[in-house]
There are 2 protein chains.
Amino acid sequence: MTNTATRSLYDEYIKGMQTIADLRYAAAVLQWDQETYLPPKGAPVRGQQIATLSEIAHKYFTDEKLGGQLQDLLAGDNLLANEKRNVELSWQDYSKQKKFPSSFVRTLAEAVNQSFHSWMEARKANDFSVFAKSLTRLIELKKQEADMLGYEQHPYNALLDDHDKGATVQLLDGVFSAIQQPLKDLLGKIADQQPADDSFLQQHFPKDKQWQFGLQVVKELGYDMEAGRQDISEHPFTTNFNSQDVRITTRIDENDLSNMVWSCIHEAGHALYEQGLPPGEYGLPLGEPASYTIHESQSRLWENHVGRSRAFCERWLPVLQEYFPQQLGKVSVEQFYKGINKVQPSLIRTEADELTYHFHIMIRYELEKLLIGGSMTVQDIPGYWNEQYRKLMGVQVPGDRQGCLQDVHWSHGSFGYFPTYSLGSFYAAQFYAFANQAIPDLNGQIKQGNTAPLLQWLRTAVHQKGRRFTSEELCKDICGETLNIEYFTGYLLDKYKDIYKF
Amino acid sequence: MTNTATRSLYDEYIKGMQTIADLRYAAAVLQWDQETYLPPKGAPVRGQQIATLSEIAHKYFTDEKLGGQLQDLLAGDNLLANEKRNVELSWQDYSKQKKFPSSFVRTLAEAVNQSFHSWMEARKANDFSVFAKSLTRLIELKKQEADMLGYEQHPYNALLDDHDKGATVQLLDGVFSAIQQPLKDLLGKIADQQPADDSFLQQHFPKDKQWQFGLQVVKELGYDMEAGRQDISEHPFTTNFNSQDVRITTRIDENDLSNMVWSCIHEAGHALYEQGLPPGEYGLPLGEPASYTIHESQSRLWENHVGRSRAFCERWLPVLQEYFPQQLGKVSVEQFYKGINKVQPSLIRTEADELTYHFHIMIRYELEKLLIGGSMTVQDIPGYWNEQYRKLMGVQVPGDRQGCLQDVHWSHGSFGYFPTYSLGSFYAAQFYAFANQAIPDLNGQIKQGNTAPLLQWLRTAVHQKGRRFTSEELCKDICGETLNIEYFTGYLLDKYKDIYKF
């Protein structure tokens, strides 16, 4: 192919990919609206509208014409390295999507919508059985999806791979079994000490002041409000419609300050990643994040390594005291630091500390593996759940709402997502160790409210690379080795030794 | 065709139409978001996303397969009357849309987006010349559109017909020339009297209280907030994504109460129409409004016949006085009624009284006719505009922002829209006269805050008929005759005689 022909073909490919992106992001706008502003009676038709956009996007993406273009581009030799990588990744995606008939995509989208509503009702009723039927159907569809995608050894591998290319049951079994005992040991040591007091977080904090504080924090972390916005939703999330429109949501509990603060930082971590993706790659793989795992590495890095550090407390406690003099005026930095790092087995994943968090994930991981593998039925979930919470954390689950109905993910059809939270946390520790080496006096900078050097480091190390690398490759690129959980266990040990003095 | 075949074909037709509706309403959600919540840097890609959805919707709607289905359904004889009407109207729309190539639809959508931004800049600069280039391009495209659509006598007829089937230059020339002198005479009589005092409206009215009041009013008028919501935008508008999700926006000027109040009522009038369209006809013509003109008849009816009536003042002034005791505590119902009905030639259409409003429309109508007819160029607009405002209303235009740049419509590519405001007002007067006859003590009901009987009458007379009739046919159906402007002139004469005592 001549260079001119390659150029014109590549332009056609971009145009096609942008059309698909337009459709997908339009669906994302409709979804964002659904979670923030949709009037209740608008919900049924909205589900249909989103399903239609998904189906059409899929139809466009699996068009043989695009396949032909991709093959021609791959066969040619006039592409720049970046362009070639885009085409390779698109070909990967195309080949994967070709495995799904459009009707399946629509069926799945509709089942998800239906499932989401039945999950909401089940939560209201505090009764898992209300959700069981549509979850059974959804799992049936996810099994079909795994079969269509193909897999080695375990059908769950197909779904894991979809969230983090290369992730497998083998990898996760290894990681979780290696980390479980050290975490249990550490938890035991902490349990022997004087428990941390976080009661100062459970006072009355007026909604509008919380809202203002959250905004002030995410802005200072570098979240560009000219290319984003924050709104209220029932479940905090980040979404984006291009790298110049990246939105976050939060929720505010007037009787618990922590709920809002660290969820804002978490979502800002996601948003900083999206805002830092290469501009000018709209609709193309290099304009996308590396994986769900790397996405979580960014949110967990900001939430925990930055947001739960002593330096961060030194920066922000005085500000919080201005917002809430009565509630926090007498809390010292040390008290605050210890309080927000209180370790205690608990019921709710999103409110868990950095240590016991991973027990929550392990339970969900095992459950998903059993469900997708076919060795457990949906009816058995509550029993298994409650049993595991008792065994692993010694926690009594009082009802399904605070048990197996707590997370929205399954109702969204997201199986294979939860493990990315743990993997993301482990990568975060590893990346942060390298950032700490690379940035002079990182803690001092955070203490002064200057997180720009950290953001800049992440921009270069992670964000600007888009989807060029898989999680594993990216880790090697940054750290010279693949995932090493000792960074994470070492980080926790240092932190809790310091806090709990053992 | 057997009945079974007809049924299955009609179902296919519905499915196809709903897919197109999903795409169009998705574009509407993106547009709503653009006007309310879009972060500034997100604007360029948003324009592209909307253009893509419009182009794909057009592609689906002009698919030969749909055309074939429609012809087969029209040829058969097993359809119910409603179904037949749907198919006839879809065929009309299909035949019209077939005249546009998809590339033209995209070009137009992109030109509109570009034009909107250059209009915004021109307004900022108070300089029409900044807008001239993209307006010229847009008018060129609208002329092409008229040529593609085809027309008799005047190219503007094609664009008028698009907003109100059957409306022509001949009709409008007739209506406007018949009404101009009576309006001038009436204006002369009013000018001879003591001018009304509306200075109480121009005080400081805090934003959040105005917001609450506006919401209270629209709710009492029957706007269902479970199937809608209100937000802030620069230009108030109504949009809908199905009859169960109909949204309005408003703007608030802290130094002018009237701006918010009557624009809320106006938009609620539009929204009540959309919420009252036949449910179960999503995506089909019978689920759509009759025309832009009938839409305006609803908004203007609520805004003026209800919202500017003495009965309405009696209902709402006491409430306003509770919200704003200092500003309005001493204003009497008579003062209020006279103040909100002050007649005075002015610069800004949306703030004009019910009488001089139509001079604003006449000027725009003549201008559009000249521009689309090709006997005026864009460069001549400001001169012509200022000259006409001087001649028709004796008003001196101080700059383009308050002159020919005041309305957003042209930047949206809406040519042929303005006349629907006048026609809508005239129909409103005619419909309201019939409602007044049909509903016992309508004024007494309004005074007591009970507009439910009026809404019910409109639901039956107008809303539930969807797009079954053209404006003219609907008027005949309700009133037994076609548009008769004497209802409007009679209404104004009675009202102002009473207020100005001549």
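B:R46 and A:D245 join their side chains in a salt bridge, at 3.6 Å from N to O. A salt bridge here is a side-chain nitrogen of Lys or Arg within 4 Å of a carboxyl oxygen of Asp or Glu. The model is predicted: local features need pLDDT of at least 70, side-chain atom pairs count only at pLDDT 80 or more, and totals for chains, interfaces and linings use all residues. Residues are numbered from 1 along each chain as its sequence is written.

**Between chain A and chain B**

- Six salt bridges are counted between chain A and chain B.
- Chain A gives 37 residues to the contact, and chain B gives 37 residues; contact means heavy atoms within 4.5 Å.
- About 3000 Å² is buried between the chains, 56% of it from carbon and sulfur atoms. Buried area is the accessible area (1.4 Å probe) that two parts lose on being put together, summed over both.

**Helices α11 and α17 of chain A**

- Helix α11 (residues 292–306) of chain A packs on helix α17 (residues 418–438) of chain A at about 60°, with axes 7 Å apart.
- Helices are DSSP runs (H or I, at least four residues), numbered from the N terminus. Axes are lines fitted to C-alpha atoms over the stretch in contact, and angles run from 0 to 180 degrees between N-to-C directions.
- α11(A) and α17(A) are therefore oblique to each other: angles under 35 degrees count as roughly parallel, over 145 as roughly antiparallel, 65 to 115 as roughly perpendicular and the rest as oblique.

**Helices α3 and α4 of chain B**

- Helix α3 (residues 64–75) of chain B and helix α4 (residues 81–97) of chain B cross at roughly 140°, their axes coming within 10 Å.
- α3(B) and α4(B) are therefore oblique to each other.

How values were computed
Chains lettered and ligands numbered in written order. Heavy atoms only, no water. Helix = DSSP H or I, 4+ residues; strand = E, 2+ residues; numbered from the N terminus.
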